[in-house]
Each structure stands twice: as structure tokens, then as C-alpha cells.
Amino acid sequence: MRSSIRFLRRGEIVEVAELSPTATLLDYLRLTERACGTKEGCGEGDCGACTVAIGSLRGGRLVYEPVNSCIQLLGMVDGKEVVAVDDLSRREGRLHPVQQAMVDAHASQCGFCTPGFVMALFALYHAGAAPDRSRVNDWLAGNLCRCTGYRPIVAAGLEACAGRPSDSYAAAAGATAEALRGLADGEDVFIGDKTSFFAAPATVQGLAKLYARHKDAVLVGGATDVGLWITKQLRSLPKIIHLGRVEGLDAIADSGTELSIGATATYAMAEPHLAAMDPDLAELVRRLGAKQVRAAGTVGGNIANGSPIGDMPPALIALGATLELRRGGKTRTMPLEKFFLAYGKQDRRPGEFVSRVRVPKLRAGQVFRCYKIAKRFDQDISAVLGAFRFTVDGDRIRDCRIAYGGMAATPKRAEAAETALAGAELAGEATWQGALAALDNDFAPIDDMRASAAYRRATAKALMTKALHETAGVPTAGIRVVGQREAVLASVA
Ligand SMILES: Cc1cc2nc3c(=O)[nH]c(=O)nc-3n(C[C@H](O)[C@H](O)[C@H](O)COP(=O)(O)OP(=O)(O)OC[C@H]3O[C@@H](n4cnc5c(N)ncnc54)[C@H](O)[C@@H]3O)c2cc1C
Ligand code: FES
Ligand code: FES
């Protein structure tokens with residue numbers, strides 16, 4: 001058992017033994033280190049001003065990912081390298097190539113957003129692979145600038161990230177990886193006492209035991225929800241159990257017929273596996289938050305939080321996913337849709353945690369579609385999300401699974417519509433009408449600031465109609481503005 005956290009800063013190991021369970025990385029940088037280059041804008045993961053790069057080992061290889069330090073708990077960086085904007089020129093002995101490109105492109109005016117952009121681009125610089133404009137846009141979707149305009153910032157990104165990384169961080173990658181391996185001691189971390197602590201167990205058994213003893217503790221995956229409870233709701237959370245160090249809980253396995261995703265797999269980790277299942281899943285993950293959110297947020301957290309507008313649950317429900325929960329030494333499984341009982345109420349017993357979700361892959365004859373409708377393209381929560389899996393037999397739909405987010409108090413299957421669609425003709429729009437009407441029996445959506453009930457009802461029908469047209473063979477190029485499947489499928493063929 002270790003009663004401190006340890007992480008890498010500027011080539012040195014930093015050890016922190018006194019730690020408030022809810023201390024954020026941003027506060028550590030600004031208030032403890034006085035490294036004030038990193039800015040605080042929104043304090044809720046939306047603006048990217050606080051972006052830092054986190055270095056960690058992925059499959060033995062050092063990767064840098066951008067995260068929002070305002071909602072990243074300090075304890076979560078145990079075993080990682082933290083790179084903040086103040087470090088770059090100090091380490092390079094001159095401006096970092098990304099900073100130089102920002103200067104050359106006149107990509108900064110008031111400068112408040114600039115440290116965040118620099119760090120997002122630093123992570124992209126280290127991702128290599130000479131990004132095109134759309135990739136740079138994706139990497140910067142989590143950063144807001146209110147005065148310069150994005151054109152010169154994107155130009156700086158294109159310029160700086162065009163070649164292979166050749167900065168001092170790339171030169172030291174071997175030594176950094178070695179240092180990170182040295183920090184991975186497999187010890188449980190526990191700082192505090194039984195009334196208030198930050199804990200980060202190293203094994204699933206250790207987690208199960210600790211959580212059974214402290215059923216009132218708050219579990220933290222990526223803290224992209226919990227972080228806001230701290231910074232925006234000012235909640236007191238005396239007992240925190242961070243799941244990110246639990247060995248194997250982030251494992252992703254592909255059996256050929258099923259994708260099994262560990263609860264702490266981040267979106268960034270799950271993205272390539274989901275993308276390989278279907279281009280619509282790739283597009284869904286691309287639009288979930290932004291890079292910073294996807295580098296920290298976990299698939300398990302998205303399910304466990306029970307939000308009616310979480311993006312993964314409807315898609316996974318439509319695919320027929322099964323959820324695995326663990327308490328003590330016991331696990332149980334259930335169809336994912338059964339987990340969501342009512343608004344804010346999930347079928348999770350005291351001391352139980354989400355351990356894994358198993359997603360059947362599409363079989364021959366199955367067609368999957370999902371569409372996220374939000375007010376903004378990037379970094380916005382859904383107003384309505386529709387997900388559809390049709391099993392097609394000749395020119396008819398043999399059976400289907402349909403799930404929506406934003407239409408009820410939980411992510412929910414459209415069972416009446418599913419029944420009405422069984423046997424419908426793909427080419428016969430008239431045979432779809434019963435199912436479209438049945439959506440009114442399935443859902444009684446509410447009005448809120450994201451959408452009116454009438455809009456949600458009309459949108460749900462429009463999405464189902466679109467999915468049916470696409471399944472009937474209408475090219476998506478004629479239907480979709482973005483995310484056209486033909487282009488994606490051609491690029492991977
Ligand atoms: C700027 C921003 C943009 C966002 N955009 C989107 C979006 O587009 N779509 C979307 O769906 N969400 C979005 N979110 C919400 C959030 O990112 C997701 O819900 C995310 O998946 C939560 O995962 P996490 O690991 O960060 O959860 P955490 O914040 O760590 O935890 C969330 C909840 O789940 C519990 N929990 C976590 N892991 C487990 C587990 N294994 N077992 C049991 N309980 C657990 C926690 O106790 C807590 O109650 C956004 C958030 C931010 C800040
Ligand atoms: S301060 Fe806005 S994302 Fe952190
Ligand atoms: S330069 Fe002022 S907000 Fe971007």
C-alpha cells in the first residue's frame with residue numbers, strides 16, 4: 001500500500017503525500033507549483049484553456065493525450081507524466097515548434113486561449129502522421145478562441161505537425177517510458193483515513209474489497225462528470241476511489257463475434273475498435289465531447305452515470321450489449337437496457353461497480369445506423385440520439401433493435417416500433433408507417449432547453465425514416481451532410 005501519489009514533471013519524479021481527495025490538477029499547477037501558464041476559463045471541460053498533455057504508456061509505447069486539467073483530479077495522474085505549457089520553452093531552450101508556428105501564423109491575440117491550443121497541438125504533434133485539416137479541426141474541437149479566429153490556429157497546427165516529432169520530448173521518449181515503467185509499482189494507493197481519502201486500487205480484487213468497505217465512496221473513471229460536481233456544484237466528496245489504475249479494467253478484447261470493453265477504457269482507447277465495427281460508431285465517438293473529454297472519459301462512466309442523453313448507451317443497446325457488474329467476488333450480467341430503471345436510478349447495488357460491457361458484432365444481414373442530433377457539431381450533448389440494428393432477410397426486415405437517447409428519462413428501446421417493423425418491406429415505405437406511429441406509444445419526451453417535446457418526437461421519426469431509407473440502399477451522400485458512409489467505407493477498403 002502506498003500513501004502518496006507519484007508522477008513525472010519536467011523529467012523528475014514528484015511525490016505528493018498530502019492530498020485533498022478532490023484536488024484538481026489545475027489547482028495543483030496554478031496554486032502549488034505556481035505554473036500559471038495553464039489558464040482556467042470555464043472550469044467544466046468545455047473551453048480547453050486548461051489543457052495539459054498527459055504522457056502514459058499504451059501497449060508499452062509513450063503517448064501524449066490532451067486533457068482538461070480543471071476536471072482532472074490530481075490523484076488521477078499517479079504514474080503519468082504531466083506536461084504543462086510553462087514547460088515547453090524551458091525544456092526546448094526556445095519556443096517549441098508548436099509555439100513557433102502559432103507565432104508565425106499570427107494565431108494569438110489576447111492570448112488567454114493560447115496555452116490550451118498549444119497543448120492540444122503539442123499532443124497532436126506527438127501523435128505524428130501529418131494531419132490534414134479535418135484531423136487538426138478534430139483535435140482542436142475542445143478549444144475555444146474568442147478573438148483570433150480559428151483559421152490561423154489551424155494553419156499553425158498544419159504547419160507544426162506536418163513532420164515527425166523532433167522536439168526534446170521525442171528525443172527523451174525512451175527515458176520517459178522507462179521512468180513511467182518505474183512508477184508502475186502495482187501498489188494500491190490510499191491517502192487519508194477511513195472518513196476521507198483518495199484511493200486508487202491496483203487490482204480488481206482490491207477495488208471490490210475497498211468499495212465493499214466504503215459503499216458511500218464515489219467511484220471515478222475519467223472524472224468528466226464527477227469533476228463538474230466538484231468545480232460547478234461545489235459538492236463535498238470526502239471518499240474518492242479512482243478506477244484508472246485497476247489492472248485489466250480497461251482491457252478491450254475482440255473475439256471476432258463480440259467486442260468486450262472494460263469499464264475504464266476511455267473513448268480514445270475504444271474508438272478504433274468501435275470504428276472497426278461500423279462507421280456510424282466512429283462518427284458517434286468523434287462527436288462525443290472533444291479530444292480532451294475522450295482522452296479521460298470512460299465507456300463505463302457513460303453507462304454508470306445513467307444519463308438519459310449519454311451517447312453510448314442507445315448505440316450499445318441497439319447492438320444488443322450486455323452489461324457486467326461486480327460486487328465483492330461476484331459478477332452478474334444483464335441486457336444493458338435493463339440497467340436503466342428510472343431517471344437517475346440504475347440497477348446497481350451498494351458496493352457494486354460496472355466492470356465490462358460486451359457488444360455483439362454485426363452478423364451477416366445486419367445493418368447498423370446511429371445518428372446524434374445536437375445543437376453544435378462538436379462537444380455538445382445530444383438532444384436526440386437514435387440507434388438502429390436491422391436484421392434484413394431478402395427485401396424485408398426480419399427483426400430489429402431500436403434505442404433512443406433524449407426521448408425518455410433513461411436511454412430506452414422503442415419496443416412498440418420494433419414489433420411494428422418486423423416483416424416490413426425495405427422498399428415499401430407504406431409498411432413503415434405503423435412503426436413510425438408506434439414511436440408515439442414508446443415515448444413521451446419532455447420539453448427542456450435542448451429541445452421541445454414536439455421536436456424530439458418529429459426528430460425520432462425522421463431518424464428512423466432515414467435509417468430505413470439507408471438500409472433500403474439509398475446512398476448516404478444524398479441524405480447526410482457529414483459522416484457519409486460511402487466515403488468512409490471506400491477509404492478503409
Ligand atoms: C465538455 C464535456 C463534453 C461532454 N460531451 C459528452 C457527449 O458528447 N456525450 C456524452 O454522452 N457525454 C458527454 N460528456 C459527459 C461525460 O464525458 C461522459 O458521460 C463520460 O463517459 C463519463 O465518463 P467518466 O469516466 O468521465 O465518468 P466519471 O465522471 O468518472 O463518473 C461518472 C459517474 O459514473 C460513476 N462511475 C464511473 N465509472 C464507474 C464504474 N465503473 N462503475 C460504477 N460507477 C462508475 C461515477 O461514480 C459517477 O457517478 C461530456 C462531458 C464534458 C465535461
Ligand atoms: S477551464 Fe475550460 S476546459 Fe478547463
Ligand atoms: S486569442 Fe483571445 S481568446 Fe483566443
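Select G128. This glycine follows helix α4 and has a positive phi, near 65°. Helices here are DSSP runs of H or I with at least four residues, strands are runs of E with at least two, and both are numbered from the N terminus.

This is a predicted model, in which local features need pLDDT of at least 70, side-chain atom pairs count only at pLDDT 80 or more, and totals for chains, interfaces and linings use all residues. Residues are numbered from 1 along each chain as its sequence is written, chains are lettered from A and ligands numbered from 1 in the order in which they are written, and side-chain values use heavy atoms, with hydrogens and water left out.

**Helix α4**

Now select residues 114-127, which make up α4. The end C-alpha atoms are 20 Å apart, and this agrees with the 20 Å that 14 residues should span at 1.5 Å a residue. The expected span is 1.5 Å times one less than the number of residues. Is α4 enclosed or open? Of its 14 residues, 13 are buried, so α4 is largely enclosed by the rest of the structure. Buried means under 20% relative accessible area, exposed means over 50%, and partly exposed lies in between (1.4 Å probe, protein chains only).

Step back to H106, in the loop between α3 (97-104) and α4. H106 is not a glycine, yet its phi is positive, about 55°. Most residues other than glycine have a negative phi. H106 is exposed, with a relative accessible area of 64%.

**The cores**

Select I241, I303, L316, L323, V357 and V359. In the largest nonpolar core, which has 50 residues, these touch the most other members. A nonpolar core is a set of buried Ala, Val, Leu, Ile, Met, Phe, Trp, Tyr and Cys residues joined through side-chain atoms within 4.5 Å. A second, separate core has 34 residues, including A107, F117, F122 and W139. Nonpolar side chains tend to be buried together in soluble globular proteins.

Zoom in on L323. What does L323 touch, leaving out residues up to four places away in sequence? Its contacts are I303, R332, T333, M334, L336, F339, V354, R356 and V357. Contact means heavy atoms within 4.5 Å.

**A four-strand sheet**

Next, show strands β6, β7, β9 and β8. In that order they form an open sheet with mixed pairing. Two strands pair if DSSP finds at least two bridges between them. At the edges are β6 (189-193) and β8 (218-220), each pairing on one side only. Neighbouring strands of this sheet are turned by 10° against each other on average, direction ignored.

Axes are lines fitted to C-alpha atoms, for helices over the stretch in contact, and angles run from 0 to 180 degrees between N-to-C directions.

Look between β7 (residues 196-200) and β9 (residues 239-242). They run parallel and are joined by three bridges. F197 has K239 in β9 as its bridge partner.

At 67% relative accessibility, L234 counts as exposed.

**The β1-β2 hairpin**

Jump to residues 5-9 and 12-16. These are β1 and β2, paired in the antiparallel sense over five bridges. I5 has V16 in β2 as its bridge partner. Two residues separate the strands of this hairpin, and R10 in the turn has a positive phi of about 50°.

**Across the chain**

Select R164, in the loop between α6 (150-160) and α7 (168-171). R164 counts as exposed at 76% relative accessibility.

Finally, zoom out. The chain has 20 helices and 20 strands. Its C-alpha atoms fill a box of roughly 70 × 55 × 40 Å, taken along the principal axes. Buried residues make up 55% of the 493 residues.
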